[in-house]
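Reader: I have the model open and would like to go through it piece by piece. Can you put it up here?

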Amino acid sequence: MIPVGYFFVLSGLLFFIGVFGFVTRRNLVAMLISVELILNSVDINFAAFNRLLFPDGYEGLFFTLFSIGVSAAESAVALAIIINVYRHFHSDQVNSIENMKL
Amino acid sequence: MNYSDFFKMIPEASLVAILIVLFVADFATAKTEERRWFNPLASVLLLLNTFVCLLPMEAQTAFGGMYVTSSAVNVMKAILSMGTFIVVLQSRVWAAKGGKEGEFYMLIVSTLLGMFAMMSAGNFLMFFLGLEMASVPLACAVAFDMYRKNSAEAAAKFILTATFSSGVMIYGISFLYGEFGTLYFADVVAAKMQATPLTIMGLVFFFSGLGFKISLVPFHFWTADTYQGAPTTVTGYLSVISKGAAAFTLLSILFHVFGGIMVYWHVLLMIVVVLSITIANLFAVRQGELKRFMAFSSISQAGYIMLAAIGNDWANSVTALSYYVLIYIVANMAVFTIISVVEQNNGGKTNISDYNGFYRTNPRLSFLMTLAMFSLGGIPPFAGMFSKFFVFMSGVNGADINTTMGAWAYAVVFIALINTVISLYYYLKIVKAMYIVRTDNPLPAFRSDCNTKFALAVCMAGILLFGVCSFVYEWIAAAA
């Protein structure tokens, strides 16, 4: 069996790749994809902890399922909003949607 | 499954009933004369919901510990429900303009439902679902003015930070799951949390995730743009109701779940509170746009709200926090109602300089605005001073000045006190613009509709009476 530490490293890498992408990407859809990476890293954590550390229950797996469902709902709303942004600004680059500044 | 458990969640059940009634009323009254009763219907239903939350209920759990309620949670639900009542009441003209008022009320009520679920969660899964139920419809509400550029931009910023922050937060929860093997708050408490690397990491990630929702300082970048771009009514809702619910939940989880490592999150909280209050105050001073200004003011108010959690007594902290949120709701909603009504009557003017000479044309509105600003700044006869006083009291509660942590607690409260004085400067800047600055063409005089008047009357009664009538505080304290 693969030791739990490996899963931990994998999810940690995925999480920080997501954070890095969220901070550096200048495209709204790419930022959304980065956020999805973060959510996936959480799912890996929960599933691995459930399977390897606490195999008696299913709480971790249930959390994973719910988190997938919720992130799908969030992406749907986020994409709808990004489309609306695109209609107004004719761009999905972060630099071009800075209408409000002091 | 025991279906009678639903009787234990009466506030949520009543909100679901309101949602159904609104849904039916929306298409039953579409394009008819009865449409003008739609907003009063929604307001009355929310007022009824406030009274439902006030019904005496003892602490109980339902659905195997997933749902936990207590009298303190019910008091907070009643406060938030009252705030939503004010928001819906004052939104009539704006909501009716686009012809989509049904959707707006349903979005607002469903976010409230999510917040209720979040506040009485007994399990991290339930908490996460409640949080998402609150933040996804809220993003739709921020994007509600579909044909305005700023609204779209604000919504994009809001939804991206909201998903990002909930991702960070559940990453923290996954560490706690790895440590304890359970997501139930009660089981984590029973396992006696120690300061292990996993729990500390869990605490930090969890705290940052919720810090985004409350917009405390290192996590506040989305606030100004979102508050400025969102429709004014929604900004008001964001700044009081959603912030209050998240702050209450954070306090409750910190005390109950992370109670074993209190000294760690006290340090975290002290740093964040000092940063929020100070930095937000400094930024607020140089804002020229009123909604953006109120955004920074609300970041600093969030710092004051979380100051309540620095004490080490649950009953004291939760009383101070709930009371602060109650006063903050009435004062801030008064300001946003006035901004909204001015915006509607003058073609979207929201700059502070637009308010120059406001007193000469609209003396009553500017008087109300002044009272609200005094209350936000904490000038004595008004409620804001009392709420700040109790928050400061709670911050130093149980702190021994001879120990390091106790001395730090006193230092944090002292810095907060100094910042109150700084905040007076910028709150009074609005008052100065309205009364003192001379201008040749002030905003023309206008009459506001009766709903707005009623909402302002409720807010004013709150600002004037909630402070001096001590039974309000005692009622909250008795429930804690």
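Author: What follows is a short chat about a predicted model.

Reader: Start with the chain contact. How many residues does it take from chain B and from chain A?

Author: There are 33 residues from chain B and 35 residues from chain A in the contact.

Reader: Which elements of chain B give two or more residues to the side that touches chain A?

Author: Those are helix H6 (124-142), helix H7 (149-180) and helix H10 (221-229) of chain B. H7(B) gives the most, with 16 residues.

Reader: And how do the residues on that side of chain B divide into nonpolar, polar and charged?

Author: The side of chain B that touches chain A has 17 nonpolar, eleven polar and five charged residues.

Reader: Back to H7(B). What should its residues span, and how far apart are its end C-alpha atoms?

Author: H7(B) has 32 residues, which should span 46 Å at 1.5 Å a residue. Its end C-alpha atoms are 47 Å apart, so the two values agree.

Reader: How many of its residues are buried?

Author: In H7(B), 30 of the 32 residues are buried, so the helix is largely enclosed by the rest of the structure.

Reader: Now annotations. Where does UniProt put "transmembrane region" in chain A?

Author: The unreviewed UniProt entry gives that annotation to residues 6-23, 28-49 and 61-86 of chain A. In the model, residues 6-23 of chain A are 100% helix, with end C-alpha atoms 26 Å apart. Residues 61-86 of chain A are 100% helix too, and their end C-alpha atoms lie 37 Å apart.

Reader: What feature does UniProt place at residues 121-401 of chain B?

Author: The unreviewed entry has "domain: NADH:quinone oxidoreductase/Mrp antiporter transmembrane" at those residues of chain B. In the model, residues 121-401 of chain B are 77% helix and 0% strand, and the end C-alpha atoms of the span lie 36 Å apart.

Methods:
Residues are numbered from 1 along each chain as its sequence is written. Chains are lettered from A and ligands numbered from 1 in the order in which they are written. This is a predicted model: local features need pLDDT of at least 70, side-chain atom pairs count only at pLDDT 80 or more; totals for chains, interfaces and linings use all residues. Two residues are in contact if their C-beta atoms, placed from the backbone, lie within 7 Å. Helices (H or I, at least four residues) and strands (E, at least two) are DSSP runs, numbered from the N terminus. Ala, Val, Leu, Ile, Met, Phe, Trp, Tyr, Cys and Pro count as nonpolar, Asp, Glu, Lys and Arg as charged, and the others, Gly among them, as polar. UniProt positions are given in the numbering used here, feature names are shortened, and annotations may be inferred rather than shown by experiment. The expected span of a helix is 1.5 Å times one less than its number of residues. A residue is buried if 20 or more other C-beta atoms lie within 10 Å of its own, exposed if 12 or fewer, and partly exposed in between; C-beta atoms are placed from the backbone.
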